Amino acid sequence: MDDSSVILTNGVDGLLSNDHEELSERVSYLEKKVRQQEDEIICLKSALADAIPSGQSSGSRESTKEPLWNQEEGYLKIYLRGRAVNLYAPSSVADYNVSKIANAPEEKLRLEWVYGYRGRDCRNNLYYLPTGEIIYFIAGVVILQNVEENTQRHYTGHTDDVKCIAIHPDKVKIASGQVAGHDKNSGKPHVRIWDSVSLNTLHVIGIGDFDRAVCCLSFSKLDGGQHLVVVDEANEHVISVWGFAKDKPHKLTETKSSTEPVLAAEFHPLEKNSIITCGKGQISFWTIEGGTLAKKTGIFDKHEKPKYVLCLAFADNGDVISGDSNGNIFIWPKGNNRISQAITGIHDGGIFSICVMKDGTVLSGGGKDRKIVQFDSTYKPTGVEYEIPENFGGVRTLSQGQGGLVLVGATRNCILQGTIDLKLTPVVLKTVLYPTFCDDVIIKFDLLTLSHSPLMLTSRKSVMQGHTDELWGLASHPTQHQFMTSGSDKHIQLWDSMTRTVIWSKEIPSGRWLIIDLSTHEIVVSHTDGSEQIECLQYSPDGNYLALGSRDNYIYVYEVTEAGTMPNCKQVTSSSSLREVQWATQNCTLAFNTAGIWPDGADGTDVNACCKSNKQHLLASADDFGKVKLYKYPCCQPKIKWKLKVDKRIYLCKSMKMLTSNIIFGGYNFELLYIIIY
């Protein structure tokens, strides 16, 4: 290799090292855009379907046809996207009346537990409330969790993913903003203001005012929360101010903020009508004057201007403290848009969060170096710093907890809680496990001494754990309160639904299907079939066979023996010949016993998943409209009543299983929803 090649290689390596964090942010941003575009496509399809009159196309006319019962052949004909589908009934079905309306089950649905925390791509989303709960969100649910009592409450008023939250100065009212959804009216991005004690919605603002998503929120401090600043994540990042002096919230003013991303917006706690925003290449100081917003851009003078100003905080004396992508902290005096003090090189990489504690000390959290660094009230490092274990990821947000506790939200979707001396223990986990977790041990880290000591797990400590990438697999134990999940993060996890904890977790190789011993967690068999990934698998009820469904449209069947031979199989092409088969499961959405789960005008993709209870008396389904429905089983009447539970983002449900009296959903954003049947 010549000198020029060496120089070029070194240059490229240096560039990759320097821009690694920006690349990670960019990848996360693009992933978010892809999800938004997928949502927008579904919205457009829905809007187009609503706009086309029913008589304008043959497909539309066909989709409105009524179901028909063929008494002679014994099948029910339904129409999906204009195509007739024959569902053959067992021969025991007699006197079937297609017009009969079946009753709903006596049982009801209630959301019991939500596993997960959105730390990968959201900021400033973790707070402590006077009720003794921590508040955060995942998917379309805002969670209020009491760590000591191991309980959750849920605000489920949103119609799509929550993107940001803000706490009112009274510590009771909450503002939460969401992204654009599917429904043409309620699915528009908006802000909901609600009571954290009663969970009642107080106000809904901004429907029709925001374009893409509400990305930043902040209540005013000096006037007791009479104003709310909102930033729209549209191209021009419009910033608006809303007033609450009257009974009905109203917009006071708005203006275009920046064509670059805005990452934070905060009312100044000691300056009336003062707002600070930050984002890509910017920190801006806004003043509300005469009903309009006046802007001053932060001046960096001799200091290097960062690519991103990532976070903001306020000192007790009114100083604005900013953290940026260069790992620097800048101090902006009250009422000034110039830097008065710079603390450089504090972190290797970006500073994602800064928190001013009640005693005046300052904590900064690094994303790349995963460090928490402590400063005194004069911004001098105290020498106390700690590196979060790699399994948890970097620091996404820091927040004051109960008393002297510190709350840490991490980029791998977990929450840590610690005392002021920074002894951290997991609270809400959604990441890969500690290596010792399989032995029912978590590690308590001491920042001052960097020592660790084992702490035995109880139901009041490690509350949740999950996946850091999309969740695709979900299987419930047939007799115990356990279930297993798998995801694109290459991890499988066995859960206990009673203690709401992970029993054990294991990273597995990709590209193969595996047989694993549940007692030793060791891989017994590793094999490959076909050229595409395996999408689903199932043991036969007697345990003698294993069937694997591949994306290559083949089903691979194995005998469960030491040799693992493949028996001779052939496809049954006549569905009528299977009418007498009693299936062990009911995960197929197209069957006579599930005919009632399809709404009028369904296109065949509306219902994403279904399953029946172990006692075979209930059937649950999840659809494109965020609805979880509970039916009596069998559900063979096209006109049928159901019990409804709306849980946002179930329309992208990937997995669904029913335990003895509970339903588990693997949904969007890697969350798990645990719903009680009562």
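Strand 40 (residues 513-516) and strand 41 (residues 523-527) pair in the antiparallel sense, and four bridges join them. The model in which this pairing is seen is a predicted one. Within the pair, Ile-515 has Val-525 of strand 41 as its bridge partner. The hairpin made by strand 40 and strand 41 has six residues between the strands, and in this hairpin His-521 takes a positive phi near 65°.

A sheet is found in another part of the chain, where three strands in the order 1-2-3 form an open sheet with antiparallel pairing. Strand 1 (68-70) and strand 3 (83-88) stand at the edges of this sheet, and because each has a single partner strand, one side of each is left without a neighbour in the sheet. From one strand to the next, the twist averages 30°. Strand 1 pairs with strand 2 (residues 75-80) in the antiparallel sense over three bridges, and Tyr-75 in strand 2 is the bridge partner of Asn-70. As a general point, the side chains of a regular strand alternate between the two faces of the sheet.

| Residue | Relative accessibility | Class |
|---|---|---|
| Ser-257 | 9% | buried |
| Val-572 | 47% | partly exposed |
| Asp-95 | 74% | exposed |

Ser-257 counts as buried because its relative accessibility of 9% falls under the 20% cut-off. Asp-95, with 74%, is exposed because its value is over 50%, whereas Val-572 counts as partly exposed because 47% lies in between.

Ser-257 is found in the loop between strand 17 (250-256) and strand 18 (262-267). When its neighbours within four places in sequence are left aside, Ser-257 is in contact with Glu-236, His-237, Val-238, Ile-239, Val-262, Trp-286 and Lys-295.

Val-572, for its part, is found in the loop between strand 44 (555-559) and strand 45 (607-612). Together with Leu-578, Val-581 and Trp-583, Val-572 forms a nonpolar patch on the surface, and the accessible area of these residues together is about 350 Å².

Methods. Residues numbered from 1 in each chain as written. Predicted model: local features only at pLDDT ≥ 70, side-chain atom pairs only at ≥ 80, totals over all residues. Heavy atoms only, no water. Helix = DSSP H or I, 4+ residues; strand = E, 2+ residues; numbered from the N terminus. Buried < 20%, exposed > 50% of the residue type's maximum accessible area, 1.4 Å probe, protein only. Contact = heavy atoms within 4.5 Å. Pairing = 2+ DSSP bridges. Axes fitted to C-alpha atoms, helices over the stretch in contact; angles between N-to-C directions. Patch = residues over 30% accessible without salt bridge, like charges linked within 9 Å, V, L, I, M, F, W, Y side chains within 5 Å. Areas by Shrake-Rupley, 256 points an atom, 1.4 Å probe, with all protein chains shown as cover. Salt bridge = Lys/Arg side-chain N within 4 Å of Asp/Glu carboxyl O.
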